[in-house]
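Here is a short briefing on a structure. Look at the contact between its chains before turning to the individual chains.

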Amino acid sequence: MSAPAQAGPPDRYVYFPGCSLKGTGVAYEESLLTMFRKLDIGVDELEDWNCCGATSYMAISEGSAFALAARNLALAHRAGARELMAPCSACYLVLMKTLDYRKRYPSVDKSVREALDRAGLPATNGVRVRHPLEILYNDIGAARIKSKVVRGWTGGRLACYYGCQAVRPYSEVDDPHQPTRMEQLLNAIGVPTVDYTLRTKCCGGSLTGTIPTVGLRLNYELLKESVRNGAEAIVTICPLCQFNLDAYQGQIRADIWKALDVPVLYLTQVLGWMLGGEWRELGLNRSISGVSVLKRWFSAPKEKEAYV
Amino acid sequence: MPSSTEKLPAGAYNPPMPEAFPVVQGPVAVFTRAKDESVIRRRIRYQREADVSWTERVVSQPGCEGLYGCIQCGTCSASCPLAIYMDFTPRRIIQLVREGFHHDVLRSQTIWLCASCYACAVHCPQDIHITDVMYTLKREAIAANVAPKRFPIPVLAGVFYDMVRKHGRTSEFWVVLRLLLRTNPLGFFSMARTGIALLRTRRLSFVQDRIKARGELQALLPPAEEVH
C-alpha cells in the first residue's frame, strides 16, 4: 500500500491541463495546483499545449488524433520533461493510447513521425504519461500525505467514482474492474468512504449534450446508487464526470427526482482541503449541486481535530 | 455552523430517501429516422448483399485485428451502458461486420451511441478492442458518406474536429452553440438551466481558446479531409 520508500517523489511535474481544466473543470485545475503546493511539489503547465484529440476527434480522423497527442508529448520532451501529468481522463487515455499504438503498429508510428517531422518537433515516443491519482498513490504515497494533513474530516461519507476512461485498457492508474486507490488514500487520512458499486460505470460523456434523455438517465443512475450505498457526496477524478453529475443535476432534479442534491467533488479538492487549502483556492465555490452541504462540511476551523 | 467536534445527527445531510427510487420511463427509441410506414421491408439480408472484402479491410485496421476471434458470448453487450438504446447490440455489430453486412453496420445508431467507455474492451474474454472497432466503423461511415446528417453525435464530432484543426483547442461554449445551430436550435431552452448554473459559477467562458503555434499545427495535420 505504501510507496517505494527509497527515493522521494520528484519535486516538479509538467502537466497538461487539456480543454476541460480551462473551462467547465476549472475547479479541478485550481484544486490540483493547490494540493501539489501543499505537498511542496511544483507543477508547471505545458507550454502552448493543444487539444489531446479526444473521443470526438478520434471518430473522424485517427491518424491526426495521434499526431495531436504526440505533439503534446513532443513539447514535454523538448521542455526536458520525462513525464507528463494528464489529470483529465480523456486526455490521459488518448496520450496513453498514442504511446501504445506507436509501439504496437509501425504504420501508426510512421505517420506520427512524419507529422512531427513536418512540424519540426522531436519524434520521440519516450515521455511517460502520468495521472495525478497514480502519482499520489505511487510517487507520494499515503504515509507522506498523512504526515502533511492539517485538518480533521468534518464531512460525511464519500462514494469514490473513478469514471471509465481513467482506468481502462491503456491505463496504469488502477485496476480496470475494481479500482480502490482513491478509497485507500482517503481512508488513510481519515475520510470515510462507502462501497460504491458503479465506480467505473460510464457517465455518458457528451451524451448529456447530444441526446439528453440518454445522458441524464445514466447520470441519474450514478447519483441514485451513490445515495443508496450510503454516500453523502461523490468524489471523482474526471472533469467530464464531475461536470455531468454536478451541472446536469438540476435538470435531473426537474425531470426525475426532486429530492436529489448530492455534491460532486474532485479528489484533489478533498485532499487539498485536508492539507490546508481554502474554500476558494480549491474551487469549492464553483460547485453547483449540494452547495449547502459543502458549506457545512468545509467551513470548519483550521485545527487538527477529527470528527470521525 | 457546527464545530468540527460536534457529532452531527445521523442522516442530517442525506436527502430524504423515498420508499422506492423513481423509475425513469425512458423512451425505447430516442432517435428514429423518419420511415415511410407504407413501405414493406425484408427483415433479413441475403448472402449476396454481404461484402467480405469490406470485412477484410476493417480487420486490417489497427485495433480491429481480433475480430475473427469473437466467440459471440455477449459480454460486450452486457457490459455496455448504452446497449439498451442501440439498434444492434455490440455483439451483433461484430457478427454483422464479420459477415460483411456493411450496409446495416454503417447506418446503425449503435456506432454513434458508443461513448467509448471501454467497458467492453476490458471485459472481453477474447481481448477484442471493441471500442476501437467502433471508432473504425464511425470513420468508415463518414468515408462512405452514410453518417446521419442531423444526428447530434456525428455532428458534434464534426464541430469538434473543425475547431481543433482551426484553433488547436476547443471551447465548450462554441462547440455547444454550433452543435445546437446545426441540429436543434430550440435546444437552447432545454440547456438554459445548466448554462445559467455554469455562468453563475464562472465555469463557462465565451472566449475561443487557441494555441500560439498555429503554423506548427497546420504542418502537423494532414490536409483537411472532407467531413460531414
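The contact takes 74 residues from chain A and 69 from chain B; two residues are in contact if their C-beta atoms, placed from the backbone, lie within 7 Å. This is a predicted model: local features need pLDDT of at least 70, side-chain atom pairs count only at pLDDT 80 or more, and totals for chains, interfaces and linings use all residues. Residues are numbered from 1 along each chain as its sequence is written, with chains lettered from A and ligands numbered from 1 in the order in which they are written.

**The side of chain B that touches chain A**
- Helices that each supply at least two residues to this side include α6 (119–123), α7 (130–143) and α8 (152–167) of chain B. Helices (H or I, at least four residues) and strands (E, at least two) are DSSP runs, numbered from the N terminus.
- The largest share, 8 residues, comes from α8(B).
- This side divides into 45 nonpolar, 13 polar and 11 charged residues. Ala, Val, Leu, Ile, Met, Phe, Trp, Tyr, Cys and Pro count as nonpolar, Asp, Glu, Lys and Arg as charged, and the others, Gly among them, as polar.

**Domains of chain B**
- Chain B has domain 1 (47–143) and domain 2 (152–220); the bounds come from an automatic or database domain assignment.
- The centres of these two domains, taken over C-alpha atoms, are 29 Å apart.

**Chain A**
- Chain A holds 15 helices and 8 strands.
- Its C-alpha trace spans about 55 × 50 × 30 Å along the principal axes.
- Of contacts in chain A between residues at least 6 apart in sequence, 80% join residues at least 24 apart.
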